[in-house]
Structure formats: structure tokens, C-alpha cells
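This report examines a few local features of one protein chain. Please view the sequence and the structure before reading on.

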Amino acid sequence: MLDRMESMNFDVVIDEFEAMTTDAKRVQEETLKKILEENAEAEYLQNLGLKGKTDLESFKTHVPLVTHKELEPYIQRIADGDSSPILTGKPITTISLSSGTTQGRPKYVPFNDELVESTMQIYRTSFAFRNREYRIGSGKALQFIYSSRQFKTKGGLAAGTATTNVFRSAQFKSTMRAMQSLCCSPDEVIFGPDFHQSLYCHLLCGLISCNEVQFVSSTFAHSIVHAFRTFESVWQELCSDIRHGDLNSQVTVPSIRAAMSKLLKPDPELAALIYSKCSRLDNWYGVIRELFPNAKYIYGIMTGSMEPYVKKLRHYAGDLPLLSADYGSSEGWIGANVNPKLPPELASFAVLPNIGYFEFIPLREMTEISRQDKESSTLLCVDPKPVGLTEVKAGEEYEIIVTNFAGLYRYRLGDVVKVIGFHNSTPELQFICRRNLLLTVNIDKNTEKDLQLAVEAAAKLLVKETLEVVDFTSHVDFSTDPGHYVIFWEMNGQASEEILRECCNCLDRSFIDAGYVGARKVGAIGALELRVVRRGTFQKILDYYLGLGAAVSQFKTPRCIGPNNSMVLQILCGEVANSYFSTAF
Ligand code: AMP
């Protein structure tokens, strides 16, 4: 394996991808067959009466669509140490923790070698396409990657976030080496126990290797923005460390100090150069381009809940291109970005037909059904009719269903995607939103995307005062009658009362869903409330999730805080500096 990786030929990777996507239907059937053959003994499939059948019809007849909730008892038994074939033929030995930022607590999902291999396949594929457009030389990558706390489950299985499980795998290093993308930071920094210290040292390692850095990346773009926001306040300390060859005393983890001492030598010239570059910058515009003159691009997931960070990232990037990364989840990867030249706002993902079996619930049909069935409180209740990977239609939106090699069968991931076209015969998907992130009081339905658009519109009003929204989230407050939307905002400075009132009205008017507008007009939904929270509130939320075992690498700010997420709501409510009610209706 290692030898194959070291001598990877990226033209071959592209050829393989083209061949596979040309024959996507057949590859999907074979993949399903392989999954069902390998796991024929699994108790879950046996109980469903599949009896070793591997054809699509039997699969669809016997295996129901499920969410994590239905699989939880099975996964729990695995985590508790039951090594009989429960969900998979071969026992699962590792558990991934999904980021859990949408539900308020991390979910356990099975992880195995097949998931590592498909992750590498996705990495190789998108890298091959990326490298065709933006060829990188031999050098290093400044990667803001972090491990989560790893622990053993009750049954002794290793548990950590999926990214941590991947970073720890032997294939990760060899793939990164083959892609000339080895991280400039030593493992002690990546796997360090304290996120703040690791971040500081990532920055320091990047600066020490500044001329070698070929690109700057993170799993989710949020981590890069966070890193350079931090850089704004610690850059002088970093310069001082480089000048004296002496690591800041606030880095206290012995293993990190030991590893950094091997890299850090007094270099007054470099320190002076960085100092003068930083001093010349105007509001940190183009800091990444300035500091890393040989970098070719910035890379990370910039779509979905990461879109709100793209503007700030562009600011830090200057004229360096932003390349949006692939689409996947702890439950498995789905598609690769094979059009790297498109801006993040237009990024799409070509589904790899051999890494899982994919089905799609057409949402137009679902909406029709739910309109007829007014009683159904959630769209997830109705009986959906999924179609296969090659049966989807361009222009339509779908909820995606995954069957993978790690024991998930017809699993509703909870994501809404739009088919924007095809790469050969495999669809190219755009990420739309998380399905269950709906702001709803009664007949109104607003998604994460609607919220994002509303915040974008209102944030434009802050430009006059050269302010920006650092982060945001929302909540439906039912403690008032009628209930109303609450938007929490953290800004990078103090805005005037007048502007904030305007922002609040603008937010309210920007939710254009007919149900919302109608209900607002007749007073069936109360006035939208904008709550401005103090600086550092979202850092507190991040720290809270890290305490739960999440990793910064996988962190996504929850955009809607539901009633089950009372801790985060408590943090937010405790930090409110001012609040405003809309007078827009
Ligand atoms: P996790 O639970 O941490 O594994 O996160 C997986 C979720 O992150 C997916 O189900 C998506 O909602 C989101 N996600 C992953 N990749 C992308 C992407 N490229 N664009 C938008 N959202 C993504």
C-alpha cells in the first residue's frame, strides 16, 4: 500500500475516476452487492430477512430507511464490547464521534478500514484534479488540523472524531506524502491535548517554514479563519519566539515543547521580515498571501455552514484562490470537488460510485405529500420514495441516503443536496442545508440557508461602521406567546443602537418564506429579536464542544439551537449585551 501511494500517478487517478463515473450505475450495483455480501452474516440484515440476498429489489424491500436513532441500540452494543456480527460481518473496532453540533451531543458511528480507504480515495481524486489546475511543488502544507480527545468506550473500543481516526491512520501520512502535502507541524502539535496551544504552534510552524508552504488548509474553513483571527492578536509573540528561538511560556504541554524545540532556532532576520510584513498590512488584508509567498491556494470545506466564513477568508487570502474541499461526513464520504476552479459559492461534488450505495429522496415530491398531509409535524414522517444515484434529475433537490461498508444501511444523513448536473453519469451535488435545521414556529419553515441569507443581508448594514459579524446562531423562543425567532450575533466591535435596530428589522424582513411573512403579518409569530452577545461568546461555545470530545477540525457552529441544547443556550443567554425587537411588521 505504502509503495503504491509513494509513487502515485495522478493521471491514473483521474483516468480511474473517469472510467468509474462513466459506468456509475453498474459500479453502484456492484458496490451494493459487495457491501451486502461482506455483511451477510450481520444480525441487523439477518433480522430484516435479507437471507444473504444482494440484489437491489430485495434490499429495498427488506431494509427500511433509518436515522441514527434506530441504529443507536446496535451501535451502543458494539461500543459496549459485543463483538458478534451486529451491523457488519467483521467486528467494528473503532467508533467515530460525529461533531454533534446540530443535535447538541456527539453521535457514535461505526468506523473501519474501508472508511479510511474511501477517505484516501476522495483525497487523491480531488487532489489530482486540483493539481492539474494549481500544481504544487515539493514543500509543506500549513494545515490547521487537530485531534479530538481519544478515549475507550465501555467495551474498550477506541473512540474519537472521524477526522482524528483518519489523521491517526498510517494511510493518512503516506497519502499526504504522495500529495506533497505533509503538514509543517509535528504530530505532537496535531495530537496535542490543548487546542489553543496546538493552534499557536501550527502558526509558529507555518511561519518557520513560510517559504516552503505550498497551501494552507483545514478540514472546515472555520478553522483557518479562527487561526488568522488568533494570529491578529498573537503575531508579535510569534515574532518574538522566532527572534529568540524560544517558545512562548504559555505553551506548557511537555511533548509539544520538546517537539517545537527541535524546529525553533533563533532567526532574527525572519522575525524582522514577518514583523515588517505584518506592520504594513491594512486591516490584515492578504495576510496569508504575504506570509506564505509560495502558497498556491487555500483549501478546506467552504460550503454549507462554512459559507459565512468565506468573506473573511477572502480578506485574509488576498489574491490567493480559495478552493473548496470535498463532501462527506463521519458516516462516510460522498463526493469530490473535481472542478477546483469554481469559487466556493458554486462548488459541487461528483459522487464516487464505489464508496457506498447512495439513494436520494426527491424533496419536491415530499413537499407535495406534506402539503396534503397537514398533520405530519415533520417532513421526515412521510413515506418517501428514494431514487438511485443515476436516476436523479438536474435542478432537483434531494435528501441523501447512505449505505456504507461500515454497517449503515439506508441511513438518512439529514443533508439536503441539489443536483446541478452530471460528471459522466454520476451526479454533481451542491450542498444545500441540514434537513432538520428548521426555524419554525407554526406554518413557517426556514432552513440554515435562509438564516444565512438573512444574516448576510443584515450584516451589510454594518459595513458603514466597518464592523462585521464574527459568528451567529438562532433559536425559536416559545416562552413568549406567540413564539418568535431569536438571532444571536457576535460582532467585532460596538455598533450604534440605530444600526442595530435597522439590522434587526432587516433580519425580520429577509425571511421571505410565505408562511413566515403571512404569520408575522397577522401576529401569529412574534417580532424577531436580535440579541447581541459579547466578544468571545462563540469561542466559549467552541470550548464547550471541545470539552464534550469534539475536535476543532470538525467543528461547525450550530446555526439553530434547539430545546435539547440547553447548555449552549445558557452560554448564549448569559452573554447577551443588548437585545432588539423588530418593528418591521
Ligand atoms: P460530521 O457530523 O462532523 O461528520 O459532519 C458531517 C456533516 O458536515 C455533513 O453531513 C454535512 O452536513 C456537513 N458537510 C460535510 N462536508 C460538507 C461540504 N463539503 N459542504 C457542506 N457541508 C458539508
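T466 counts as exposed because its relative accessibility is 69%; exposed means over 50% relative accessible area, buried under 20%, and partly exposed in between, with a 1.4 Å probe and protein chains only. Phi of T466 is near 45°, a positive value although the residue is not glycine. T466 belongs to the loop between α18 (448-459) and β17, where helices (H or I, at least four residues) and strands (E, at least two) are DSSP runs numbered from the N terminus.

K51 also has a positive phi, of about 45°, and is not a glycine. This residue lies in the loop between α4 (43-47) and α5 (56-62), and K51 is exposed because its relative accessibility is 69%.

## Basis of the model

The model is predicted: local features need pLDDT of at least 70 and side-chain atom pairs count only at pLDDT 80 or more, while totals for chains, interfaces and linings use all residues. Residues are numbered from 1 along each chain as its sequence is written, and side-chain values use heavy atoms, leaving out hydrogens and water.

## A cis peptide bond

Between D481 and P482 the peptide bond is cis, with omega near 0°. P482 is located in the loop between β17 (469-477) and β18 (484-491). Most residues other than glycine have a negative phi, and most peptide bonds are trans.

## A buried loop residue

T303 counts as buried because its relative accessibility is 10%. The loop between β7 (297-301) and α16 (310-317) holds T303. Apart from neighbours within four places in sequence, T303 contacts S324, P344, A347 and F349, where contact means heavy atoms within 4.5 Å.
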